Amino acid sequence: MTDHTNTEMPPEGSREDIELLLPWYVNGTLDAADVAKVESYLERHPDMTTQLATLREEYDQTIHANEANAGPSGGALDRLMA
């Protein structure tokens with residue numbers, strides 16, 4: 001009887017592994033090895049481009065919202081304390 005159990009992860013990673021890396025891929029914080037793994041997977045699985053586009057749009061919206069909600073203006077603490 002042949003054991004078909006594979007305990008090693010394929011070199012390209014599973015879809016779930018890549019999905020977990022996508023937010024960090026979008027914000028540019030992955031190391032070079034993970035970037036290569038994600039890009040290789042994306043080349044072979046173009047169906048992931050929609051998910052990637054959605055994450056990029058969410059990332060851009062988050063950045064925009066955070067910039068719009070910048071902290072208090074300079075001197076706000078001084079005015080408060082006065």
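Author: Ala 32, Ala 33 and Glu 43 are exposed residues on the face of α2 turned away from its buried side.

Reader: What makes a residue buried or exposed?

Author: Buried means under 20% relative accessible area, exposed means over 50%, and partly exposed is in between (1.4 Å probe, protein chains only). Of the 82 residues of the chain, 17% count as buried. The model is predicted, so local features need pLDDT of at least 70 and side-chain atom pairs 80 or more, while totals for chains, interfaces and linings use all residues. Residues are numbered from 1 along each chain as its sequence is written, and side-chain values use heavy atoms, with hydrogens and water left out.

Reader: Why is Val 35 called partly exposed?

Author: Its relative accessible area is 24%, and the range for partly exposed lies between the cut-offs for buried and exposed. Val 35 lies in helix α2.

Reader: Which residues of α2 are buried, and what puts them on the same side?

Author: Asp 34, Val 38, Tyr 41 and Leu 42 are the buried ones. They cover an arc of only 100° around the axis, which puts them on the same side of α2; the arc is taken from the directions from the helix axis to the C-beta atoms. An α-helix has 3.6 residues a turn, so residues three or four places apart point the same way.

Reader: What do the buried residues of α2 pack against?

Author: They pack against α1 (15–27) and α3 (49–68). A contact here means heavy atoms within 4.5 Å.

Reader: What makes a set of residues a nonpolar core?

Author: The members are buried Ala, Val, Leu, Ile, Met, Phe, Trp, Tyr and Cys residues joined through side-chain atoms within 4.5 Å. The largest such core has 12 residues, including Leu 30, Val 38, Tyr 41 and Leu 42. At least two of its residues come from each of α1, α2 and α3. The most, five residues, come from α1. The buried residues of α1 are Ile 18, Leu 21, Leu 22, Tyr 25 and Val 26. Leu 30 touches Leu 21, Trp 24, Tyr 25, Val 35 and Val 38, leaving aside residues up to four places away in sequence.

Reader: What makes the place at Leu 21 a kink?

Author: The bend at a residue is the angle between axes fitted to the seven residues ending there and the seven starting there. At Leu 21 in α1 the kink is about 40°, shortly before the proline Pro 23.

Reader: Where in the chain is confidence lowest, and where is it highest?

Author: pLDDT is the predictor's confidence in each residue, from 0 to 100. Among the helices, α4 (residues 76–81) has the lowest mean, 79, and α2 the highest, 95. Over residues 1–9, pLDDT stays under 50. The chain averages 83, and 83% of the residues score at least 70.

Key:
Helix = DSSP H or I, 4+ residues; strand = E, 2+ residues; numbered from the N terminus.
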